Amino acid sequence: MPLSLLTKLMIYIVVVGFTPGPANVYAMTCALRHNRRHAMGMWWGLLLGFCIAVTAVALASHWLGTAIGHYVTYLKYPGAAYILWLAWLIFRSSGDSSVSDNIRHRECSFVSGMVMQLTNAKMILFDFTAFGTFVLPYSNRLVDLFVVAALLLIAGPGANLVWLVLGLWLKPFFEHHKRTVIIVMAGALVACAIAILLT
């Protein structure tokens with residue numbers, strides 16, 4: 001990956017990683033409903049699940065890149081479409097996520113965090129899009145894929161930890177400024193999707 005794309009990659013990582021998604025909402029919910037020890041135990045599961053998933057996606061991207069060469073760059077189109085779909089869902093929401101309704105009754109544990117991350121479609125597509133946009137057009141070496149995978153930890157477990165730690169502080173803010181926060185998050189996702197398509 002050329003160093004000139006590093007800024008775009010970091011913007012992509014921050015915008016997509018820190019907007020609401022299943023793992024972020026789950027981390028915040030665990031922080032709000034359980035003590036710190038249980039929430040951190042769940043976060044370690046999110047971390048392990050992310051590491052397993054991003055490694056699998058890096059390997060799949062390497063093999064896919066070897067098989068179809070530069071056509072892998074077309075993965076950015078479904079990735080951008082998914083991000084635009086998330087922006088639309090966030091924009092249309094009232095601030096009450098169906099994800100949070102679904103996870104409200106789940107146990108906050110290491111295993112539940114790992115399963116959440118391994119089944120997190122947003123994160124898996126996010127990883128494929130990052131590799132297809134920022135790495136594979138320039139290199140198919142596993143070491144390059146794993147360097148970007150390490151940066152993606154900022155967006156996965158890093159973002160989850162921020163949502164977990166700040167969960168209690170975010171709740172009053174969301175309750176008083178729901179619509180503004182929703183519009184800003186949706187707009188940030190749209191800008192990210194446009195940046196991916198222009199890369």
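The model is predicted. Helix 7 packs against helix 8 at an angle of about 135 degrees, whereas helix 2 packs against helix 6 at about 160 degrees. The structure holds one salt bridge, formed by aspartate 144 and arginine 141.

**Helix 7 and helix 8**

- Two packed helices are described by the angle between their axes and the distance between the axes.
- Helix 7 spans residues 121-134 and helix 8 spans residues 142-152; their axes lie 10 Å apart and form an angle of about 135 degrees.
- Because of this angle, helix 7 is oblique to helix 8.
- The crossing of helix 7 over helix 8 is right-handed.
- On the side of helix 7, the contact is made by Phe126, Asp127, Ala130 and Phe131, and on the side of helix 8 by Leu145, Val148, Ala149 and Leu152.
- Seven residues of this contact between helix 7 and helix 8 are nonpolar, one is charged and none is polar.

**Helix 2 and helix 6**

- Helix 2 (residues 22-33) and helix 6 (residues 110-118) have axes 9 Å apart, at an angle of about 160 degrees.
- Angles over 145 degrees count as roughly antiparallel, and helix 2 and helix 6 are therefore roughly antiparallel to each other.
- Helix 2 passes helix 6 in a crossing that is right-handed.
- Helix 2 contributes Pro22, Ala23 and Tyr26 to the contact, while helix 6 contributes Ser112, Gly113, Met116 and Gln117.
- The contact of helix 2 with helix 6 comprises four nonpolar residues and three polar residues, with no charged residues.

**The salt bridge**

- Side chains of opposite charge can pair when their charged atoms come close.
- In the salt bridge between aspartate 144 and arginine 141, the closest N and O atoms are 3.0 Å apart.
- Aspartate 144 has a relative accessible area of 18% and is therefore buried, since buried means under 20%.
- Arginine 141 has a relative accessibility of 52% and so counts as exposed, the cut-off for exposed being over 50%.

**Histidine 62**

- Histidine 62 is located in helix 3, which runs over residues 36-68.
- With a relative accessibility of 18%, histidine 62 counts as buried.
- Leaving aside residues up to four places away in sequence, histidine 62 touches Asn140, Leu142 and Leu145.
- Leu145 also belongs to the helix 8 side of the contact with helix 7.

Definitions and conventions
Residues numbered from 1 in each chain as written. Predicted model: local features only at pLDDT ≥ 70, side-chain atom pairs only at ≥ 80, totals over all residues. Heavy atoms only, no water. Axes fitted to C-alpha atoms, helices over the stretch in contact; angles between N-to-C directions. Helix = DSSP H or I, 4+ residues; strand = E, 2+ residues; numbered from the N terminus. Parallel < 35°, antiparallel > 145°, perpendicular 65-115°, else oblique. Left-handed = near helix turned anticlockwise from the far one by under 90°. Contact = heavy atoms within 4.5 Å. Nonpolar A, V, L, I, M, F, W, Y, C, P; charged D, E, K, R; others polar. Salt bridge = Lys/Arg side-chain N within 4 Å of Asp/Glu carboxyl O. Buried < 20%, exposed > 50% of the residue type's maximum accessible area, 1.4 Å probe, protein only.
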